Amino acid sequence: MKKICLLLGTALLLFITGCTSSITLTLNKNGSVTAEFSGAPGKGFKELLKASVDSKDAENKEVVFDTKAIKKELEKGGFTDVKASSQTGTDIYIKMTDPSRKSEYFTSGLVNVKNNKLKVVLSPANLKKFYESTDEQTVSYLDMLLSPVFNSDTMSEKEYIELVSSFYGKDVASEIEQSSVSLTIVNPDGKKSTHKIKMSRLLTLNETLQLE
């Protein structure tokens, strides 16, 4: 397995547990959408990520996110103005622009534009469609999360945390339970809104959340 190189910020976000991760989506006046992601995993999840690095790269296991590879793959995927950086090797900052709104964000229905305003629609169906349309490597890392939402399963947040605890231990389960996603939506007129979503709620989602 190569070092982590996730093609989409949503996939990256789901791995960044143990703190509040942030996403900012900006609808530009020319119709393109710029996305910014930042965060860092907690101690327990950090160890899982390090363990996923190929043994031949053992000397580099402190560096989990290969920012050069991430930038290259995102550019290959059609994103422009891509920036990817890491201060410690296990934190991550990504900024990129979807110039024509044809990425998996839009084709899966997770993000759409109506009346010159951005809307994020989180639902089991959209998250599963995103999961099924993304690349094999991203899927393999998403599978690490044991999330029922990607497999049309139903599970309460408590049941999910217990499952993670039994599989990875209490530290990782606690990190997921305590972590959250901060989503900021910015429209061309400068108006913005921020929404905070618990990670455990997102990974066991059984409703539709329309954020705008």
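Student: Why is L209 called buried?

Tutor: Good place to start! This is a predicted model, and in it L209 has a relative accessible area of 12%. Buried means under 20%, so L209 counts as buried.

Student: Where does L209 lie, and which residues is L209 in contact with, leaving aside its neighbours within four places in sequence?

Tutor: L209 lies in strand β9. Setting those sequence neighbours aside, L209 is in contact with V120, V121, L122 and R201. Contact means heavy atoms within 4.5 Å.

Student: What makes β5 and β9 edge strands?

Tutor: Look at the sheet they belong to: three strands in the order β5-β6-β9, open and with antiparallel pairing. β5 (111–114) and β9 (209–211) each have a single partner strand, so one side of each is left without a neighbour in the sheet. From one strand to the next, the twist averages 25°.

Student: How do you know that β6 and β9 pair?

Tutor: Two strands pair if there are at least two bridges between them. Strand β6 (residues 117–122) and β9 have three bridges, in the antiparallel sense, so they meet that cut-off. One place to look is V121, whose bridge partner in β9 is Q210.

Student: And how many bridges join β5 to β6?

Tutor: Four bridges join these antiparallel strands. In this pairing, V111 stands opposite V120 in β6. The hairpin of β5 and β6 has two residues between the strands, and N115 takes a positive phi near 55° there.

Student: What makes strand β7 largely enclosed?

Tutor: Seven of the seven residues of β7 (residues 180–186) are buried, so the strand is largely enclosed by the rest of the structure. S180, S182, T184 and V186 point one way, V181, L183 and I185 point the other way, and all are buried.

Student: Which strand does β7 pair with, and over how many bridges?

Tutor: β7 pairs with strand β8 (residues 192–198) in the antiparallel sense, over seven bridges. T184 stands opposite T194 in β8. Their hairpin has five residues between the strands, and in it G190 takes a positive phi near 90°.

Student: Is S200 buried or exposed?

Tutor: S200 has a relative accessible area of 1%. The cut-off for buried is under 20%, so S200 is buried. This residue lies in helix α9 (residues 199–203). Apart from neighbours within four places in sequence, S200 is in contact with E157, I161 and I176.

Student: Why is the pair of Y131 and F150 called stacked?

Tutor: A search of the whole structure finds three aromatic pairs, and this is one of them. The ring centres of Y131 and F150 are 5.2 Å apart and their planes are at 20°. Ring centres must lie within 6.5 Å to pair, and planes under 30 degrees apart count as stacked, so this pair is stacked. The pair links distant parts of the chain, with Y131 in helix α5 (residues 124–133) and F150 in the loop between α6 (136–143) and α7 (157–168), 19 residues apart. Both Y131 and F150 are buried.

Student: Then why is the pair of F167 and Y168 edge-to-face?

Tutor: The centres of these rings are 5.0 Å apart and their planes are at 85°. Planes over 60 degrees apart count as edge-to-face, so that name applies to F167 and Y168.

Student: How many cavities of 30 Å³ or more does a search of the whole structure find?

Tutor: The search finds two. The second largest cavity holds about 60 Å³ of space. Its lining residues include L25, F79, Y105 and V111. The elements that give two or more residues to this lining are β2 (33–39), β4 (92–98) and α4 (104–107).

Definitions and conventions. Residues are numbered from 1 along each chain as its sequence is written. This is a predicted model: local features need pLDDT of at least 70, side-chain atom pairs count only at pLDDT 80 or more; totals for chains, interfaces and linings use all residues. Side-chain values use heavy atoms; hydrogens and water are left out. Axes are lines fitted to C-alpha atoms, for helices over the stretch in contact, and angles run from 0 to 180 degrees between N-to-C directions. Buried means under 20% relative accessible area, exposed over 50%, partly exposed in between (1.4 Å probe, protein chains only). Rings of Phe, Tyr and Trp (its six-membered ring) pair if their centres lie within 6.5 Å; planes under 30 degrees apart count as stacked, over 60 as edge-to-face and the rest as tilted. On a 1 Å grid over the protein atoms alone, a cavity is a set of points where a 1.4 Å probe fits but cannot get out, and a pocket is an open set with protein on both sides within 12 Å along at least five of seven lines; lining residues have an atom within 4 Å of a point. Grid points are joined across faces, edges and corners, and a volume is the space filled by probe spheres set on the points.
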